[in-house]
Amino acid sequence: MAVATAADRLLATVIDGGYCIGCGACAALPNTAFRTEMDDRGRLQAVAGVGGDRDLPYSAVCPFGDDAPSETEVARSLFATSGGATGLTWDDRIGASALLLAGHVAEETYQARGASGGMGSWILCQLLERGLVDAIIHVVSEPGDERLFRYRISSSIDEVRQGSHSAYYPVEMSEMLRAARQSGRRHAIVGIPCFVKAVRLLARADPAIRAAVPYCVGIFSGHLKSTDFAAMLGWEVGIAPGELSAIDFRTKLPDPPASRYAMTATGPSGSVVQPMADVYGHEWGMGFFKYPACDSCDDVAAETADIAIGDAWLPEFASDPRGSNVVIVREPKLVAIVRDAVRDGRLSMVPITADDVVRSQRGAFRHRRELLPDRLALADARGVWRPKTRSTAKAGTPEQRELNLARERIRDASPQAMAAARSVGQLRVLKERMDPLIQGFAQVRPRATSANRGGGGRLSRLLGRRKG
Ligand SMILES: Cc1cc2nc3c(=O)[nH]c(=O)nc-3n(C[C@H](O)[C@H](O)[C@H](O)COP(=O)(O)OP(=O)(O)OC[C@H]3O[C@@H](n4cnc5c(N)ncnc54)[C@H](O)[C@@H]3O)c2cc1C
Ligand code: SF4
């Protein structure tokens, strides 16, 4: 009987199980058997080719693989030894931290150009300016390209700053990681939590990656979307799928609160700006077009990154529509850079606590921590393979189970509804299919989450402005 190869194991678990996030780590190993491709649901996925070595440590470099250590194990191996020098503390929810801050970048136009407070681009530029790296691997908009966003390697401050803003869109790292490995240069990479974990796992398996990517900048993530999310937003403002040439998911509006931002979609007739709250399916808590892997991940705060950056969704910062960050600094050199900049006034930031970080991401922690044990129990009851997590499977309350199922229905039905709408050229078809599921979600959410009692799941808000 033929022994299953490492490639077969990855296929039979992560990929066939539907948990591939399309990060490209498996496809970045030298002589890999994998590459990434866009599937018919607008999700980048790993696919096996005919050549390549089928016995590489695929399940050890995949963030959801059976042989991958947990985020805590990876973080401890990276940061534990630096604790004495920096006063590192550990928190089960946000991982290690030497410095916790909230605020924005005060110098130049980082805040204005950033998705929130501008810290993401600022710290990447600091790494470059100070010679800690030679180049940055980051995500940029590619107007007119068949993929609207891609990872790119940039070597100048101007190029790095072109990557400001958030791409709620599939991207993959293998091409840039291969180029970085061969270049002999040192890089910093920016990514959402599972992508950063994947880079750390690759670095463990491949010394050339360890040398080529010494720094990881993490950005918090609620979840990742397929390309259908961008297509739906564009269609909402009259740009048919296929005609959308660019999208900005985080266009700042002049008035507070900061959470009321807009999106800008560009098509053949120009650009249209629309407040996100008015757009159908916008609400992150519903999980339209979510990658299933995001429902099995408990890392909100990019725990394996040298520095992790998110939105300061806190009442104290909501009044600044220009956007604010929460920042977790873990690596000693970055601690020094950030501390100096706060002292000099180049960063307008104040100390916060781990509780503040969690408060700023209430919805994400509720879904990824409180409700995760029930989803794990559900997967186990179904008898299907699922990734290991740090959380333990445990059936939740009936209300929690209802909420998990309501979100799962939206996640799984939204790509099908989009396909049906595309086939007849009518966005209305998507809404007709999704409306009952949104109504179901609006009913169960207040029952399942105490914080939403009192109308947090109001149907009118969830549906956005009725149109189309
Ligand atoms: C899919 C996704 C989900 C997110 N969910 C949350 C959330 O739930 N809570 C929260 O607080 N914040 C979330 N964020 C992060 C948030 O949107 C901002 O990116 C973050 O606050 C940094 O803003 P900034 O102004 O400091 O950075 P900027 O100065 O705008 O720089 C952002 C940096 O991130 C890089 N980048 C953008 N998109 C991607 C991507 N898809 N993959 C890798 N790198 C990318 C850019 O290249 C740039 O270097 C999410 C981001 C993404 C991409
Ligand atoms: S390493 Fe990334 S691309 Fe490869 S199977 Fe895992 S999640 Fe998918």
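These legends walk through a few close-up views of a predicted model. Local features need pLDDT of at least 70 and side-chain atom pairs pLDDT 80 or more, while totals for chains, interfaces and linings use all residues. Residues are numbered from 1 along each chain as written, chains are lettered from A and ligands numbered from 1 in the order written, and side-chain values use heavy atoms, leaving out hydrogens and water.

**View 1. Tyr168 and Trp284 meet edge-to-face.** Rings of Phe, Tyr and Trp (its six-membered ring) pair if their centres lie within 6.5 Å; planes under 30 degrees apart are stacked, over 60 edge-to-face, and the rest tilted. That rule gives 12 aromatic pairs. Here the ring centres of Tyr168 and Trp284 are 4.7 Å apart with the planes at 75°, so this pair is edge-to-face. The two residues are 116 apart in the chain: Tyr168 is in the loop between helix 7 (157-161) and helix 8 (174-183), and Trp284 is in the loop between strand 12 (270-275) and strand 13 (307-311). Helices (H or I, at least four residues) and strands (E, at least two) are DSSP runs, numbered from the N terminus. Tyr168 is buried at 13% relative accessible area, and Trp284 is partly exposed at 24%. Buried means under 20%, exposed over 50%, and partly exposed in between (1.4 Å probe, protein chains only).

**View 2. Phe288 and Phe289 make an edge-to-face pair.** Their centres are 5.7 Å apart and their planes are at 75°. Phe288 is buried, with 0% relative accessible area, and Phe289 is buried too, with 1%.

**View 3. Ring pairs build a cluster.** Its members are Phe149, Tyr168, Tyr169, Phe229, Phe249 and Trp284.

**View 4. Arg161 lies over the face of Tyr110.** The distance to the ring centre is 3.8 Å.

**View 5. What surrounds ligand 2?** The residues around ligand 2 (a heavy atom within 4 Å) include Leu10, Ile15, Cys20, Cys23, Cys26, Cys62 and Pro63. By class, the shell has 10 nonpolar, 2 polar and no charged residues. Ala, Val, Leu, Ile, Met, Phe, Trp, Tyr, Cys and Pro count as nonpolar, Asp, Glu, Lys and Arg as charged, and the others, Gly among them, as polar.

Methods:
A charge sits over a ring if NZ of Lys or CZ of Arg is within 6 Å of the ring centre and within 35 degrees of the ring normal.
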